[in-house]
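Biologist: I am new to this structure and would like to learn how to read it one feature at a time. Could we begin with the surface and then work inwards?

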Amino acid sequence: AKDTAPDKKRVALTFDDGPHPTNTLEILQLLEDYQAKATFFVLGNRVDFYPDLTKEIAARGHELGNHTWNHKDLTALSEEEINQEIQLVNDRIEKITGQPPRLYRPPYGAKNDLVQEVVGLTEVLWTIDTEDWKSHDPDKILSVVKENVTDGSIILMHDIHETTVEATKLVLKFLQEADYDCVTISDLNSYE
Ligand code: NI
């Protein structure tokens, strides 16, 4: 059963392409400071390299999503290759955290019917693209969020960029002042 929607506005912060040994840890600390939860769409090859960090993300109550093993365009792959890109990451996350991911985000947002059929996880795109990877400018990233945020927004950022750490701090401060709760994607979905 779905819960009744709370009065407070909610957004989902999402961080792609990590985990990253320093930036992700700093973002985890910021999230704790602001009592915020987020979703991390991790790459399998990085999960493999940073298993403790991956475990830490989950241990702190954040959600892990599958962003494939190698960040390939899934629409260019065969069924078997898609399966490999996804299944390996599911297995690794389950082995590390005890729970397989429920969500995935296709690299570049690229998907088609075959991809959706083969992956078998809930697909999550975004409603606000901060373009943090392009601008590397915390103030600009903040203004993209300010201009576009609404109840239920899904905000795309990347925790592999150092400037995104500072941007996350600005965004969290703004969201708190604007009376938004930051929740995981699964929590956001449970109220829709
Ligand atoms: Ni990505």
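Modeller: Gladly, and please keep in mind that this is a predicted model. Of its 192 residues, 47% count as buried.

Biologist: What radius of gyration does the protein have, and what would a compact globule of 192 residues have?

Modeller: A compact globule with 192 residues would have a radius of gyration near 16 Å, and because the protein has 16 Å, the two agree. Along its principal axes, the C-alpha trace spans about 45 × 40 × 30 Å. Nine helices and eight strands make up its list of elements, and among contacts with a separation of 6 or more, 76% are between residues 24 or more positions apart.

Biologist: Which residues have the most contacts inside the largest nonpolar core?

Modeller: That core has 34 residues, and those with the most contacts inside it are Leu13, Leu31, Phe40, Val149 and Leu175. The elements that give two or more residues to it include strand S1 (9–16), helix H1 (23–33), strand S2 (38–42) and helix H8 (162–177), and H8 provides the largest share, six residues. Leaving aside neighbours within four places in sequence, Leu13 is in contact with residues including Leu31, Ala38, Ile155, Leu175 and Val183. Apart from this core lies another, of nine residues, among them Leu74, Leu77, Tyr104 and Val118.

Biologist: How should I read the side chains of a strand, and which way do those of strand S3 point?

Modeller: In a regular strand, side chains alternate between the two faces of the sheet. In S3 (residues 63–66), Glu63 and Gly65 point one way while Leu64 and Asn66 point the other way, and all are buried. S2 and S3 run parallel and are joined by four bridges, with Phe40 standing opposite Leu64 in S3.

Biologist: Where does isoleucine 86 lie, and which residues does it touch?

Modeller: Isoleucine 86 lies in helix H4, and because its relative accessibility is 2%, it counts as buried. Not counting residues up to four places away in sequence, isoleucine 86 touches Asn66, Thr68, Leu74, Tyr104, Val119 and Leu121. The C-alpha atoms of isoleucine 86 and glycine 44 are separated by 8.6 Å, although these residues are 42 apart along the chain.

Biologist: Which residues coordinate the nickel ion?

Modeller: The nickel ion is coordinated by Asp17 through OD and by His67 and His71 through NE2, at 2.1 to 2.2 Å. The spacing of these donor residues in sequence is D-x49-H-x3-H. Buried means under 20% relative accessible area, so His67 counts as buried at 2%, and His71 likewise counts as buried at 18%.

Biologist: What should I look for in the backbone angles?

Modeller: Most residues other than glycine have a negative phi, and most peptide bonds are trans. Here the peptide bond from glycine 18 to proline 19 is cis, with omega near 0 degrees, and proline 19 has its place in the loop between S1 and H1. Tyrosine 108 has a positive phi, near 65 degrees, and is found in the loop between strand S4 (103–104) and helix H5 (113–119); because its relative accessibility is 58%, tyrosine 108 counts as exposed. Histidine 136, in the loop between helix H6 (132–135) and H7, also has a positive phi, of about 50 degrees, and counts as partly exposed at 37% relative accessibility.

Definitions and conventions: Residues numbered from 1 in each chain as written. Predicted model: local features only at pLDDT ≥ 70, side-chain atom pairs only at ≥ 80, totals over all residues. Heavy atoms only, no water. Donors = N, O, S within 2.8 Å, 3.2 Å for Na, K, Ca; no water. Buried < 20%, exposed > 50% of the residue type's maximum accessible area, 1.4 Å probe, protein only. Core = buried A, V, L, I, M, F, W, Y, C linked by side-chain atoms within 4.5 Å. Contact = heavy atoms within 4.5 Å. Pairing = 2+ DSSP bridges. Rg over C-alpha atoms; globule rule 2.2 N^0.38 Å.
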